[in-house]
Every structure is written in structure tokens, then in C-alpha cells.
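Please work through the following exercises with the sequence and the model at hand. Each task is followed by a solution in steps.

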Amino acid sequence: MKLLENVPLIKQLEIINRLNFFKDFSIAERQILLESFGRLYLVNANRHAFKRFELDNRLFIVLSGELVIFKSSQLHELGRIRPGEFIGEGAFICHREHSTSAKAVKDSILLAITPDAMTRLPSVIREKVKDQIIEGMSVRINSLSSFIEDNM
């Protein structure tokens, strides 16, 4: 992963304004999040955002591109993460190692938020981030429940 340091704020705002994850954030809240608490990273195609068992507790929100998630074998895909979705929430919330690996299918830009940055966010923004994580995890649980029901 390569840290992107010179992306103009207006370009960053253009990108996140298109994503459902940020739908409840005001423009000012989006700007605060980008300027002060998040870092943008480029993950080139076929490169890892993170690997299973790594200790990296950042939450990654996919801004562009696509990632594939797998456990041990890259041949057994567990899912795909697209713009507006997030990964790394288990390590972020529980401060533990990653339980899966994430690899870019194509060049991808990720917004990374550390647990420390999360605690320093203004409470209104922090709560909106938490709400989006809860909503996203709920969607994943529903999807997995349907998958289990259909395959039993």
C-alpha cells in the first residue's frame, strides 16, 4: 500500500460524495474526516491491503476499485468489497489480528481510519461512522444468514 499525500481535498470530497457510506455526513463533516483523521492509500491490482494474522487495526473504507477477501487460499474467495464498503472492522473494533486477507482486484483507493483517530473525531462524526459500521455489518450478517439457509 502506498500513502497518497497530494490528493487535493476537492478531489477527495468528489470521491466520497458518491458513496453511500457518507450519505448522512454533512459536507463540513466529510471535510473534517478527510483533513484531520483519515489517510488515503493506493493498493495496486494484485497487491494486498492486508494479510491474515497481521496486526493492523485500521478500518478501511473502499473509495474506488475492488478488493477480494479470502481466508487461506486465494482460490476460495469469501467476498468482494466495492466502493462505499469497508473492511478490517474486526481488527479495528477488537484490536486483534486480521482473520482474513484482502487483495486488490484492480487499483483501489482506501480511506484508513485508526482507532486513535476515531476517538479524537468530534462525537457527531464518530457516531455516524459507528452507525455506518453497524449498518454494514448488519447487511453482511443478513447476507451470510441467507447463504447458510440456501446451502443447508
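**Exercise 1.** Determine whether Gln-12 is buried or exposed, and which residues are in contact with Gln-12.

*Solution.* Step 1: Gln-12 has a relative accessibility of 13% and therefore counts as buried; buried means under 20% relative accessible area, exposed over 50%, and partly exposed in between, with a 1.4 Å probe and protein chains only. Step 2: the residue belongs to helix 1, where helices (H or I, at least four residues) and strands (E, at least two) are DSSP runs numbered from the N terminus. Step 3: when neighbours within four places in sequence are left aside, Gln-12 is in contact with Val-7, Leu-34 and Leu-40, contact being heavy atoms within 4.5 Å.

The model is predicted: local features need pLDDT of at least 70, side-chain atom pairs count only at pLDDT 80 or more, and totals for chains, interfaces and linings use all residues. Residues are numbered from 1 along each chain as its sequence is written, and side-chain values use heavy atoms, with hydrogens and water left out.

**Exercise 2.** State which residues of helix 1 are buried, and what covers them.

*Solution.* Step 1: in helix 1, which spans residues 9-17, the buried residues are Gln-12, Leu-13, Ile-15 and Ile-16. Step 2: viewed down the helix axis, these buried residues fall within an arc of 160°, so they line one face of helix 1; the arc is that of the directions from the helix axis to the C-beta atoms. Step 3: their cover includes helix 2 (27-37), strand 2 (38-43) and strand 4 (59-70).

**Exercise 3.** Describe how strand 4 is covered and how strand 4 pairs with strand 5.

*Solution.* Step 1: strand 4 is mostly covered, since 11 of its 12 residues are buried. Step 2: strand 4 and strand 7 (residues 101-113) run antiparallel and are joined by 10 bridges; two strands pair if DSSP finds at least two bridges between them. Here Val-62 stands opposite Leu-110 of strand 7. Step 3: strand 6 (residues 86-87) is also antiparallel to strand 4, with 2 bridges, and Phe-86 is the bridge partner of Ile-61. Step 4: strand 5 (residues 77-81) pairs with strand 4 in the antiparallel sense over 4 bridges, with Phe-70 opposite Glu-77. As a general rule, the side chains of a regular strand alternate between the two faces of the sheet.

**Exercise 4.** Locate Asn-46 and His-95, and give the phi of Asn-46 and of His-95.

*Solution.* Step 1: Asn-46 is in the loop between strand 2 and strand 3 (48-50). Its phi is near 70°, a positive value in a residue other than glycine. With a relative accessible area of 57%, Asn-46 is exposed. Step 2: His-95 occupies the loop between helix 3 (89-94) and strand 7. Its phi is positive, about 55°, although His-95 is not a glycine.

**Exercise 5.** Say where Met-152 lies, and how far apart Asp-150 and Gln-132 are in space.

*Solution.* Step 1: Met-152 lies in the segment after helix 5 (123-150), and its relative accessibility of 82% makes it exposed. Step 2: Asp-150 is part of helix 5 and is exposed, with a relative accessible area of 63%. Step 3: from C-alpha to C-alpha, Asp-150 and Gln-132 are 27 Å apart in space, and they are 18 residues apart in sequence.
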